[in-house]
Amino acid sequence: MSLRQLTIRAPQASRSVGRVSRIPHVRQRATSSHAGASTRSPLPLLVAAGVVTGLSAYLLSNQIRLEEANTPVDSGHTGKPAKGAKRGNQGPMVKIKDVLDKKNSDDVWVVIKGEVYDVTEWVHDHPGGPEIILNNKSKDVTHIFNPRHPSDQLEGENLPTTVHHLGMLQTEGASEEDKEALMLKVSKDEEDDEERVRKAREKMEETGLGVIVNMKDFEKFAEPMLSKVAWAYYASAADDEITKNSNASAYQNVTFRPRILQRVAKADCTTTIMGKESALPLFISPAAMAKLGHPDGEINLTKGAANTGIIQCISSNASCSVEEINAARAPGQPLFFQLYVNRKREVAAELIKKVDRLGMDAIMMTGDAPVGGKRERDLRLKGEFEGPAGGVSEKSGETQGVSQAMFAGVDPDLHWDDIPWVRSLTDTPIIIKGVQTVEDALLAYERGADGILISNHGGRQLDTTRPCLDVLLEIRKHAPQLLRPEFRGDTGLNPESLKNLAQVVPPSRPGKMERPFEVYIDGGINRGTDVVKALCLGANAVGVGRGFLFAQSVAGVEGVEHAVGILQSEILLTLRLLGVNKLSELRPSMVEVKS
Ligand code: HEM
Ligand SMILES: Cc1cc2nc3c(=O)[nH]c(=O)nc-3n(C[C@H](O)[C@H](O)[C@H](O)COP(=O)(O)O)c2cc1C
């Protein structure tokens, strides 16, 4: 067992061009005198084997902003104070000894950010499963809690009514032994892992973002910079990860038919997505738990999207709350919200109303995740895994393992017939996410959705489903009416074009959209060429999931900006080399699809 003290460096606001000026996760060791720039944990983190199975690796590599329990007032507290004791300096104080005394009782108390909570009544309702809390009762669990929960999770209505806030932790007067007993314990392996992360982040700080020249580089550089748990969560896909890999490789089956000498100096890749302007035909697909990769989490994506003019779709399982993200929103910045429909419909209805109140510009309702897929990289690192994935239990954690926790509230009985119900609650455009067949694309249209996102969740759900690009091809073949008329034509050479060689952009096919409907696609999109291929085949825009998670993990907002810069220059380059100036000039005949 190794013991150590932990002090966390707070994020710095400075930014510079082309260099990583804000590398997160580089923790400063064993000092208590980081005045100003750092915030200090009320207690040092004690590291020892085996207690925080599987989760400690990531907690060690995340910055933590902790309030210091600095106003010791002995309230003489020993029992359960009134529910909802005031947080901050004025409320009651709880002695460390009182917390430790609960260890061998039926009561479940935890310390989070210098505050003590009694979660006894509620622990079995915890969406992340009860085990993670029960295994760490009478501990300061801040380091597990922070990266997985919005920072306002314990405030106001977000605090479940059966979780009791008991008061501030009183550290003064406590013995060193008691302080140590309150600390989380982490193994030597995990300590080494943290060192690995620290070195990788230092190295990136030295080299700067210039070494990252494409989206795959972000993944390459992110891996050593992430804790094992964060890496497994982001990179993992279902079962053998066949769909994840084929999503990307499918784009190799599409080749370009470029025209030359086309005056392309003024190429432009701006567009609109669901009526909102976007600098690129590309949005940030919703992906949960951005804080696992960077302490500012989804806010990096929000700011990066604002600074570069692209659209972010916020995950229902974001680690920052939608209110926090909304607060970081630039004036007029478009944002989409991804919806998991809760099995308690009143909870879902509340969420939809909230999203409306906050002025989200589209709701992406995910349909391909009634339960979570079996993501084995993730499961292997989560020691709490107890049974097969995919279980549907009333309470999370019963048979599902922690990796299934994300889907604990999701209604597995969600049905096409529910779309009119969602529609009745909001006028915001509705996009159905997770469409994988032409039948479902047609159903989405019939049931009144405004668009679809062809997606298999980045291969994280049903493994060996077809790559997303094949679904787009199926829609082209069997339901071309869902695409804009000019994208309904055949791919490859149209003999008609030999009669008018100068006409690079063939005329639109006759026809119109019965009503506006947009088709998007995500999964495995890493290159500007991938984006342009999807657009030639009729997609209005594409989504990128992991790429942006890795980008924000590597360098926060700057990472996101850098990623957008890479994609933008690749898209513009592709347009120019294809002989096209505008996205609206793209046509299916500009690509060929290998069968
Ligand atoms: C006390 C109030 C707490 C509340 C209201 C709360 C709430 C939640 C919610 C809503 C989620 C689901 C996240 C999502 O799907 O977006 C979650 C997940 C999680 N919670 Fe908590 N939590 C609390 C305490 C804790 C504590 C004390 C711990 C650790 C000891 C903890 C560890 C976790 C973990 C590890 C997950 C994620 C599981 C996964 O990603 O697989 N939580 N919690
Ligand atoms: C770590 C991670 C978390 C995700 N979380 C969500 C989510 O909360 N909701 C959702 O609808 N899709 C989620 N997705 C799927 C993405 O929205 C998107 O469909 C997928 O990442 C696209 O594939 P790509 O990562 O190859 O770009 C997640 C994907 C990843 C990798």
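In this predicted model, helix α17 (residues 528-536) packs against helix α18 (residues 546-578) at an angle of about 60 degrees, the two axes lying 7 Å apart. Helices (H or I, at least four residues) and strands (E, at least two) are DSSP runs numbered from the N terminus; axes are lines fitted to C-alpha atoms, for helices over the stretch in contact, with angles from 0 to 180 degrees between N-to-C directions. α17 and α18 are therefore oblique to each other, given that angles under 35 degrees count as roughly parallel, over 145 as roughly antiparallel, 65 to 115 as roughly perpendicular and the rest as oblique. On the α17 side, the contact (C-beta atoms, placed from the backbone, within 7 Å) is made by Gly528, Thr529, Val531 and Val532. The residues contributed by α18 are Leu567, Glu570, Ile571, Leu573, Thr574, Leu575 and Leu578.

Strand β17 (residues 518-522) is mostly covered, with five of its five residues buried; a residue is buried if 20 or more other C-beta atoms, placed from the backbone, lie within 10 Å of its own. Glu518, Tyr520 and Asp522 point one way from β17, and Val519 and Ile521 the other way. Strand β16 (residues 451-454) runs parallel to β17 and is joined to it by four bridges, Ile452 having Val519 as its bridge partner.

The chain as a whole has 18 helices and 19 strands, and 51% of its 595 residues are buried.

Residues are numbered from 1 along each chain as its sequence is written, while chains are lettered from A and ligands numbered from 1 in the order in which they are written. Because the model is predicted, local features need pLDDT of at least 70 and side-chain atom pairs count only at pLDDT 80 or more, whereas totals for chains, interfaces and linings use all residues.

Notes
Contact = placed C-beta atoms within 7 Å. Buried ≥ 20, exposed ≤ 12 C-beta atoms within 10 Å, placed from the backbone. Pairing = 2+ DSSP bridges.
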